[in-house]
Amino acid sequence: MFPRLAGWTLLVLSILVAICFAVVSSFDWNRAKPWISQRVSEATGRPFAIQGDLVLQWDSPEAETGWRRWVPWPRLKAQDITLGNADWGKTGPHLAQIKQLTFSLNPLPLLDHTIRIPTLELDGPALSLERTADGKNNWTLAAGNAAPSLWKLELQRLVLSHGTVKLVDATAKVDLKVDIDSLPKESTEGYGIGWKLSGTFRQTPVRGSGQAGAVLSLQKDDKPYPLQAGVQIGATRIDVAGTLTKPDALAALDLRLKLSGASMAHLYPITGITLPNTPPFSTEGHLIGKLDKAGGRWLYEDFKGSVGASDIAGTLEYISRQPRPLLRGQVQSNQLRLQDLAPLIGADSNASKARRGAPAVQPADKVLPVEKFDTASWGSIDADVKFSGRKILHAKDLPIESLVADLHLEDSVLSLTPLSFGVAGGTLAATARLDGRQNPIRANLQLSARKLKIKELFPTLDTMRASLGEVGGDAALSASGNSIAALLGTSNGEVKALVSKGTMSKFLLEAMGLNIGNVVATQLFGDKQVQLNCLASDFKVTQGVMQTRSFVLDTDESVIEVTGLINLSNEQLALEIQPRNKALRVLSLRSPLYVKGTLKNPDVGVDKGAVALKLGAAVALGAVAAPVAALLPLLNVGTQEFAGCAPLEAQASKKPQAPAVRPAKLRRQ
């Protein structure tokens, strides 16, 4: 009895399904367009209309197995569809227009409140996307305060034939248009569509083109989606080629990335990554990206390229995290041109500034860079990057050999710990801290010079090549300002240097003392070295003015004392060099030298008044006495007033101190 009842029940159900299927298939679905349009309008809060034909067909689900293969899938085709724009929109009356939309629907997931669309085909879509300066956009659809829907949408594949997408974003300052079209034949790399880009980004012209796969798998598909693109934004060029797995989640982005432009700093508006000002650059490397719940990681590994005339290579990693993302890694240069470092602190020429898009703000008569630091971007990211320049290429008169820097940026505070140069066979090491949370910047600098060889400090000065001895020194400075010039012009602290023992060119010393006879003799018969007992300098720095507390050079034959000041605020020099001989000198004018003028154009010379007085006395004596008497004003009988090197060395060896910078109101919390 039960088998017969079950058979009749199955037969009746089959007949009912067949009747429903026949009714649904024969129904003129164009009659349902007003009802569908009304329901979609209510759900989106925007006018929706199907102005063309609406046709329902049935598909056999080849991908299904077992009994599910016998459940047909409805396939809906709608033509000439429009979805209205927001009432405040300025890009036109429609958010979207579609010439033809085709999709199939798996009916079984409907029992679980899931609308599963295996494939959505769009022919001729035209999207007009818009966002205002206050963040309001026209693509967020909502119908008043409607409760969240119990239904879930799953779109598995998207197929585009041709169309356009327009984006006007006042927040990102973007006005772009993308034209999409099908390629004549899918290439061996899997490209099925091509696209062209035009418009502006931050009022800079943008153009580009690329290719992509014809079918974009959005869910549960590990097949890589091919991508190729080249975009030019002003002077910045970005080229990528590779694959994307699971585009809905960016599960694995594997690309070959090329970057080039006028300055790395120009990448910040595009990537959101703070990079320094540089000369024109070009890099190429392997970019691997993956999104996760924390935000994602991007690895630009084994990149190589150039910055100006310098080579660079390394690996950088970007980690999305809270409260700020992190950029970390290491970069090295085998041959680093010193001139290519100048844009980092605004010390490049005005012509170089123009090439990287910076204003030509450097006055022609100033040496210290006045270009301001861009601290606005410091708070967007944290950084921990190690840099090394193994060989420094520089002008012949500079003794710099190598560079190592550890850069740390955290919550707008930039630290270089350490910043170390190989200089003249020794090291010049510094630690610097710039607090960009405050306006102006508050900065602290500690500097230490060790074992700098005298003969290598002046590589182009022939008279120094045989000199022996090493220079050491320390400095501690605190300052406030938004440029190198402003920081040095407000600096406070101490600067000290010391040379103990060694030898120095006698010609150089005699020239400094204006011992005319010995200068002539040296030029005729060659130079020799004299014993250097010590050279000690001690400057106190107050509001950018370096005032000598002591500056003495002592040899077996003379003592040379330097007094005066160097004003870093206005770059003025006011120094006097006073020689005092320890033994008898003939034809010695014994007149002080002065160093005046500016850092840009120093004026070095003799005290003409003192020379004139001595020459006048010689002439007067020569008129009334024997020729020997005329030499008396030119005799230097020496001095015994110098107290020795020990006190100077003790003072110069004390660790320099810098006062704490004045507290200031934080620019941001």
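The model is predicted: local features need pLDDT of at least 70, side-chain atom pairs count only at pLDDT 80 or more, and totals for chains, interfaces and linings use all residues. Residues are numbered from 1 along each chain as its sequence is written, and side-chain values use heavy atoms, with hydrogens and water left out.

**Overall make-up**

- The protein comes to 10 helices and 36 strands. These are DSSP runs numbered from the N terminus: helices are H or I with at least four residues, strands E with at least two.
- Of its 669 residues, 40% count as buried. Buried means under 20% relative accessible area, exposed over 50%, and partly exposed in between (1.4 Å probe, protein chains only).
- The protein exposes about 36000 Å², and carbon and sulfur atoms supply 60% of that area. Accessible areas come from the Shrake-Rupley method with a 1.4 Å probe; for residues, only the protein chains shown count as cover.
- Among contacts with a separation of 6 or more, 51% come from residues 24 or more positions apart. A contact means heavy atoms within 4.5 Å.

**Nonpolar core**

- The largest nonpolar core has 97 residues, and Leu-120 and Leu-434 touch the most other members. Such a core is a set of buried Ala, Val, Leu, Ile, Met, Phe, Trp, Tyr and Cys residues joined through side-chain atoms within 4.5 Å.
- Strand S4 (residues 94-104) provides the largest share of this core, 5 residues.
- Beyond its neighbours within four places in sequence, Leu-120 is in contact with Leu-101, Thr-102, Phe-103, Leu-155, Arg-157, Leu-158 and Val-159.

**Salt bridges**

- The structure holds 20 salt bridges. The criterion is a side-chain nitrogen of Lys or Arg within 4 Å of a carboxyl oxygen of Asp or Glu.
- Arg-321 pairs with Asp-382, with the closest N and O atoms 3.2 Å apart. Arg-321 sits in the loop between strand S19 (310-320) and strand S20 (326-333), and Asp-382 in strand S22 (residues 382-389), so this bridge ties together parts 61 residues apart in sequence.
- Arg-321 is partly exposed at 34% relative accessibility. Asp-382 is buried at 4%.
- Asp-411 and Arg-324 form another salt bridge, at 3.7 Å from N to O. Asp-411 lies in the loop between strand S24 (400-410) and strand S25 (413-423), and Arg-324 in the loop between S19 and S20, so the pair ties together parts 87 residues apart in sequence.
- Asp-411 is partly exposed, with a relative accessible area of 24%. Arg-324 is buried at 14%.
- Asp-340 and Arg-337 also meet in a salt bridge, at 2.6 Å from N to O. Asp-340 is buried at 3% relative accessibility, and Arg-337 is partly exposed at 27%.
- Shared partners join Arg-321, Arg-324, Asp-382 and Asp-411 into one salt-bridge network.

**Asn-492**

- Asn-492 lies in strand S29 (residues 492-500). Asn-492 is buried, with a relative accessible area of 17%.
- The side chain of Asn-492 reaches the backbone nitrogen of Gln-543 at 2.9 Å.
- The C-alpha atoms of Asn-492 and Gln-543 are separated by 5.6 Å, although the two residues are 51 residues apart along the chain.
- Not counting residues up to four places away in sequence, Asn-492 touches Ala-476, Leu-477, Ser-478, Val-541, Thr-542, Gln-543, Ala-658 and Pro-659.

Definitions and conventions:
Polar contact = N/O pair within 3.5 Å; in protein donor to acceptor, adjacent residues only side chain to side chain.
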